[in-house]
Amino acid sequence: MNKINTKLALKYRFFHPYQQQPTDPACCEFQIRTATPADLIGVSQIIAESFHSQKGMWGWAFPLLRLGIYEDLRHRMASPPPRHVCLVAFETTSGAANNLVGSVEMGVRYSDSWSKAGVGFPYLSNLAVHPKYRRHGVASGLLTSCEKVSQEWGFQDLYLHVLENNHQARQLYFKVGYRVHKVESNLNTFFLGRSSQMLLHKHLSADFT
């Protein structure tokens with residue numbers, strides 16, 4: 001019976017808005033740690049809100065997109081690659097009930113992605129922050145934590161993609177030391193008018209702490 005109730009609760013939380021009640025971000029304190037299975041619903045909600053609209057003709061698909069993100073995260077957490085981590089930021093301000101406010105994933109990719117051969121490099125993905133906590137240092141803190149993990153893994157370089165027209169994200173990455181490695185275009189860029197992707201790179205100094 002408890003298992004049935006748990007499944008019903010999860011279904012309700014996925015197909016109805018997941019609510020957080022943050023306090024004033026100007027006075028918030030945050031901590032960053034490795035994600036646990038208990039974080040996955042919150043992480044999938046934040047990622048979905050960051051990359052998919054809930055308005056317009058595709059708003060109906062938002063719960064399905066969020067559920068897909070959850071299942072992908074659950075699969076990666078259940079069978080993680082040798083070098084993969086999902087970090088979460090949560091609020092520790094008194095009375096905040098440890099609100100989950102942001103997340104990022106990092107894993108090692110290879111120049112030959114099919115055979116996982118060639119040169120390996122840490123790659124960041126799914127950096128997302130709850131809308132009410134943006135521009136308060138959460139994303140910068142998550143990026144700094146990834147740099148520390150990268151060096152613990154024995155790497156001195158980090159890579160990530162950003163859309164060329166995402167000026168706010170580009171500003172953040174340039175501010176913390178990322179630079180353009182190359183601009184990538186595909187058929188969608190030419191025929192559908194979609195923005196090109198920029199592959200950004202940051203080299204970490206040997207004395208980074």
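In strand β7, Met-198 is the bridge partner of Val-162. Before we go further, note that this is a predicted model, in which local features need pLDDT of at least 70 and side-chain atom pairs count only at pLDDT 80 or more, while totals for chains, interfaces and linings use all residues. Residues are numbered from 1 along each chain as its sequence is written, and side-chain values use heavy atoms, with hydrogens and water left out.

Back to the strands. Strand β5 (residues 157-163) is joined to strand β7 (residues 197-203) by seven bridges, and the two run antiparallel. Strand β6 (residues 179-184) also runs antiparallel to β7, with five bridges between them. Here Val-183 stands opposite Met-198, the β7 residue that is also the partner of Val-162. Strands are DSSP runs of E with at least two residues, and helices are runs of H or I with at least four, numbered from the N terminus; two strands pair if DSSP finds at least two bridges between them.

Now to the rings. There are three aromatic pairs in the structure. Phe-30 and Tyr-133 form an edge-to-face pair because their planes stand at 80°, with the ring centres 5.9 Å apart. This pair links distant parts of the chain: Phe-30 belongs to strand β1 (residues 30-34), whereas Tyr-133 sits 103 residues away in the loop between β4 (117-129) and α4 (138-152). For Phe, Tyr and Trp (its six-membered ring), a pair needs centres within 6.5 Å; planes under 30 degrees apart are stacked, over 60 edge-to-face, and the rest tilted.

Buried means under 20% relative accessible area, exposed over 50%, and partly exposed in between (1.4 Å probe, protein chains only).

Tyr-173 and Tyr-178 make another edge-to-face pair, with centres 5.9 Å apart and planes at 70°. Tyr-173 is buried at 9% relative accessibility, and Tyr-178 is buried at 0%. A charge also meets a ring: Arg-109 lies over the face of Tyr-123, 3.7 Å from the ring centre (the criterion is NZ of Lys or CZ of Arg within 6 Å of the centre and within 35 degrees of the ring normal).

Finally, the backbone. Most residues other than glycine have a negative phi. Asn-126, in strand β4, has a positive phi of about 55° and is partly exposed at 28%. Arg-135, in the loop between β4 and α4, has a positive phi of about 65° and is exposed at 68%.
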